[in-house]
Amino acid sequence: MPRDQLSLNEARRIALAAQGFDRLRPDGPVTVDHLRRAIRRLGVLQVDFVNVLAPAHYQVFSRLGPYDKTLFDDLVYRRREFTEQWAHEASILPVATWPLLRYRMENYRVRPYGFEKFMETRQDYVGWVLEQVRARGPLTADDLAGPEVIRSA
């Protein structure tokens, strides 16, 4: 018989299972495939560097067991199957999900505090970054010189 209510305990169990806590850790070393499946299962992974132990987006894989952090970095930042995007917060999500958030990018143009002023006062740097992306294609922040290197003429 269908139910239209869940107990608090049932709701908790469903939420934990949806995040992958209902299964055993992998037998053997954690691989890129384990990380890929975990991110896809979660749907979005909040980027959060405000932590004493390690950035939160690395800790989420505790459900898999110990793993080599470079596997995550390679998967997300080099293979480009995932992208950083402003979903609710700064997040990592599958590239295939990115178009679903296009309305948000077009309608809200959320930018970090102070970014608008930076764009106004450092038009030289903003223009240089755009030139670099047009010439070289998608880039990470590590691929670019910082604004202190590019000075107004």
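Start by selecting Arg 36: this residue is buried, with a relative accessible area of 17%. (Buried means under 20% relative accessible area, exposed means over 50%, and partly exposed is in between, using a 1.4 Å probe and protein chains only.) A quick note before you click on: this is a predicted model, where local features need pLDDT of at least 70, side-chain atom pairs count only at pLDDT 80 or more, and totals for chains, interfaces and linings use all residues. Residues are numbered from 1 along each chain as its sequence is written, and side-chain values use heavy atoms, with hydrogens and water left out.

**Stop 1**

(Helices, H or I with at least four residues, and strands, E with at least two, are DSSP runs numbered from the N terminus.) Glu 81 is partly exposed, at 22% relative accessible area.

**Stop 2: another bridge from Glu 81**

Keep Glu 81 and select Arg 40. They make a salt bridge too, with the closest N and O atoms 3.8 Å apart. Arg 40 is in helix 2 and Glu 81 in the loop between helix 4 and strand 2, so this pair ties together parts that are 41 residues apart in sequence. Arg 40 is partly exposed, with a relative accessible area of 42%.

**Stop 3: Asp 124 and Arg 122**

How many salt bridges does the structure hold? There are 6. One to look at next joins the side chains of Asp 124 and Arg 122, at 3.1 Å from N to O. Asp 124 is partly exposed at 22%, whereas Arg 122 counts as buried at 15%.

**Stop 4: the nonpolar core**

Finally, select Leu 35, Ile 39, Leu 45, Phe 61, Phe 72 and Ile 92, the residues with the most contacts inside the largest nonpolar core, which has 16 residues. (Such a core is a set of buried Ala, Val, Leu, Ile, Met, Phe, Trp, Tyr and Cys residues joined through side-chain atoms within 4.5 Å.) Helix 2 gives the largest share of this core, 4 residues.

Key
Salt bridge = Lys/Arg side-chain N within 4 Å of Asp/Glu carboxyl O.
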